[in-house]
Amino acid sequence: MITGETRLWKLTRKQVREHMRDGHFKGAILPTGSTEQHNEHLAMEHDTASALHVSHQVSLALYPSVLVATPMPVGISEHWMEWRGTLSLRPDTFTAVAFDTCESLQRHGVEHVLIVNGHAGNGPLGQHMDDFSQKLGIDVQFCSYWQAYSREYVEEHMESGDCPAHAAEFETSVALAAFPENVHWQGVDYDSESFDIQSEGYRERDPVYHRAARDLATPHKGRVMVDTAVEWVADKMSEMMGSTSS
Ligand SMILES: [Zn+2]
């Protein structure tokens, strides 16, 4: 029985088989994220959860053309290893896992794979898309979902004018809109903590991001940002698949 489910890991083999038989799921989205520190208040899974949220909404908007593959929950996060809890893959490992996942999809008949990324550190994966496409003989592309926003758009919708930043106004707003259970302000008192931040580039920014999250993030902003990202990614996916969603 065909259902409205588009998330691969929620489907049975029978359901996947029947979808493919009926010509569905010619396209797939592979969400990539991270498991890494997101300041004092936001869950480690944020980048994975946000990439998945956008990807899932896109697949529903384009139903039944697009499958969402199981997200990659660990990314390239060496730069956050000083914060306990962060997990990191070496860039080559990360690229290899992404490739093997795309190859699995290709072997099942998927013709277009869009990697929808939620963690800036995974950006280098984008350089491998020609190689992936060539080796697999299908169309594989990469984007980070915040590429949906122009400079002007960010200035209009983010009071900090900063996006994606890190665990700041943007990401916290997205979490408040899409999965508020990941935001934990209770017991957080940043200013009474003393951190010995090793990363020079981040030492100054950690408190700035924290205050932006605390003082500026709202569910409404998150909803606006998510909706725009969903529309943009859906257009990109539709374009890959040779039609338009709007
Ligand atoms: Zn993040």
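Start with helix 3, residues 91-107: its 17 residues reach 24 Å from the first C-alpha to the last, close to the 24 Å expected at 1.5 Å a residue. (Helices are DSSP runs of H or I with at least four residues, strands are E runs of at least two, and both are numbered from the N terminus; the expected span is 1.5 Å times one less than the number of residues.) Residues are numbered from 1 along each chain as its sequence is written. Keep in mind that this is a predicted model: local features need pLDDT of at least 70, side-chain atom pairs count only at pLDDT 80 or more, and totals for chains, interfaces and linings use all residues.

Which residues of helix 3 are buried? They're Phe94, Ala98, Cys102 and Leu105. They cover an arc of only 65° around the axis, so they sit on the same side of helix 3; that arc is taken from the directions from the helix axis to the C-beta atoms. (Buried means 20 or more other C-beta atoms within 10 Å of a residue's own, exposed means 12 or fewer, with C-beta atoms placed from the backbone.)

What do the buried residues pack against? Their partners are strand 1 (27-32), strand 3 (112-117), helix 4 (129-136) and strand 4 (139-144). Just after helix 3, Gly109 has a positive phi of about 105°.

Now zoom out: the chain has 9 helices and 4 strands, and 41% of its 246 residues count as buried.

Technical notes:
Two residues are in contact if their C-beta atoms, placed from the backbone, lie within 7 Å.
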